[in-house]
Amino acid sequence: MSMNYDTASVSEVEDGTTQESLYSEVSKLRLKDAVIYYQGLLAQNNLISSESSASISHEAMLMGEEIFQNTFYILAEKIIVNDEELIHENESCQEVLFEKVEGDVSSDEYEPEEKKRYVEYIPLDYKIKVVNIARAHPTWNLQSLQKNGYSHLKKMEYLSKWEEEIKKGGNLFDKYSILDSWTYDRFVEARENYQQVTTRNLQQWALAAAGQFAEFEFKASESWVKKFKNKHGIRQRKVTKFVSKRETATIEETLASAATFRKQALKLIPNFNKDYVINTDQTGCQYQSNYNSTPDVKGSKTIFVKRHDMNKVTRSYTAQYSLWKSFT
């Protein structure tokens with residue numbers, strides 16, 4: 001996915017990326033507007049007075065210095081980027097225009113070579129069922145298996161081949177099919193919960209799905225994600241966000257960083273007791289998003305939204321799952 005930086009008055013930094021100078025006229029004017037907007041938000045929420053004191057107190061100076069330090073940190077660590085916000089073509093949104101993905105949507109990465117020839121594709125779950133039923137009935141021959149609903153098994157030799165494919169997580173097309181299904185399910189789940197989804201989210205979900213397969217090279221390239229959007233009828237619109245520089249790392253940079261971390265961790269892990277080697281991660285969750293608009297059938301005049309306990313609506317939670325190496 002490409003992230004387009006504002007090009008007015010840019011400077012080259014050590015890592016090779018370009019960023020706008022904090023001291024450029026464009027940057028200073030934008031910060032001035034941001035301060036005015038920030039002051040308006042404070043007044044709107046009844047947090048500041050309309051009048052100022054005749055003299056600035058020591059306490060006010062301390063607060064001001066803290067705000068300045070945080071502002072300087074934010075300006076140094078964050079950057080404005082352009083991204084795509086995504087919705088499904090069946091969703092209706094009258095507030096903004098979401099466009100269909102246009103252009104060349106061909107992608108060598110999206111579809112493996114074996115699928116481009118005409119072959120009968122046997123889903124992985126079907127192969128698992130056949131292998132399991134054959135194990136449960138070792139005396140059944142090919143005709144018995146076919147009569148019991150497994151007509152796609154053309155030769156008994158396929159059983160050993162399918163068993164090997166199952167151990168590897170499927171063949172090449174199985175893997176592409178799984179990551180496509182996984183990514184789409186995550187997209188649907190997020191949209192059903194009224195969460196914003198971006199192109200980068202799709203790429204991250206697809207990479208997470210691909211990570212479960214050993215020796216499977218998948219990059220979630222721009223051509224792949226464009227093909228994915230087109231296949232599933234996903235519409236998009238341009239959005240501008242103010243995010244940390246870490247979030248603007250390319251997929252290639254993220255993969256390289258992950259590979260480096262794995263190499264470093266593999267060298268360190270043997271030095272520790274298995275009870276002290278823990279794989280843990282956090283995920284945000286909430287009972288219900290606080291939203292003021294919702295997709296519905298086009299032309300609807302009145303839309304009812306069921307809300308739960310208002311205390312739950314305004315609170316978010318963090319769940320953290322951990323797996324000890326000694327348990328594996």
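The model is predicted, so local features need pLDDT of at least 70 and side-chain atom pairs count only at pLDDT 80 or more, while totals for chains, interfaces and linings use all residues. Residues are numbered from 1 along each chain as its sequence is written, and side-chain values use heavy atoms, with hydrogens and water left out.

**Overall fold**

- The chain contains eleven helices and eight strands; these are DSSP runs numbered from the N terminus, with helices being H or I of at least four residues and strands E of at least two.
- Of its 328 residues, 26% count as buried, where buried means under 20% relative accessible area, exposed over 50% and partly exposed in between (1.4 Å probe, protein chains only).
- Among contacts (heavy atoms within 4.5 Å) between residues at least 6 apart in sequence, 73% join residues at least 24 apart.
- The chain exposes about 23,700 Å², of which carbon and sulfur atoms supply 52%; accessible areas come from the Shrake-Rupley method with a 1.4 Å probe, and for residues only the protein chains shown count as cover.

**Nonpolar cores**

- A nonpolar core is a set of buried Ala, Val, Leu, Ile, Met, Phe, Trp, Tyr and Cys residues joined through side-chain atoms within 4.5 Å.
- The largest such core has 20 residues, and those with the most contacts inside it are L179, F187, V197, L202, F216, F218 and W224.
- Helices α7 (172–192), α8 (199–210) and α9 (222–231) each supply at least two residues of this core, and α8 gives the most, with six.
- Leaving aside residues up to four places away in sequence, L202 touches L86, T183, F187, V197, W224, V225, F228 and K229.
- A second, separate core comprises eleven residues, including Y126, V130, L145 and Y150.

**Aromatic pairs**

- The structure holds twelve aromatic pairs; rings of Phe, Tyr and Trp (its six-membered ring) pair if their centres lie within 6.5 Å, and planes under 30 degrees apart count as stacked, over 60 as edge-to-face and the rest as tilted.
- The F68 and F72 rings form a tilted pair, because their centres are 6.0 Å apart and their planes at 40°.
- Both F68 and F72 belong to helix α2 (residues 58–77) and are four residues apart, about one turn of the helix; F72 is partly exposed, at 38% relative accessible area.
- The F218 and W224 pair is edge-to-face, because the ring centres are 5.3 Å apart and the planes at 85°; both residues are buried.
- One aromatic cluster is formed by Y176, F213, F216, F218, W224 and F228.

**Surface patch**

- I278, L323, W324 and F327 form a nonpolar patch on the surface, together having about 410 Å² of accessible area.
- Patches are made of residues with over 30% relative accessible area and no salt bridge, with like charges joined within 9 Å and nonpolar side chains (Val, Leu, Ile, Met, Phe, Trp, Tyr) within 5 Å; a salt bridge is a side-chain nitrogen of Lys or Arg within 4 Å of a carboxyl oxygen of Asp or Glu.
- W324 lies in strand β8 (residues 316–324) and is partly exposed, with a relative accessible area of 31%.

**Backbone**

- Most residues other than glycine have a negative phi.
- N46, a residue other than glycine, has a positive phi near 60°; N46 is in the loop between α1 (25–44) and α2 and counts as exposed at 68% relative accessibility.
- A220, also not a glycine, has a positive phi of about 50°; A220 is in the loop between α8 and α9 and is buried, at 1% relative accessible area.
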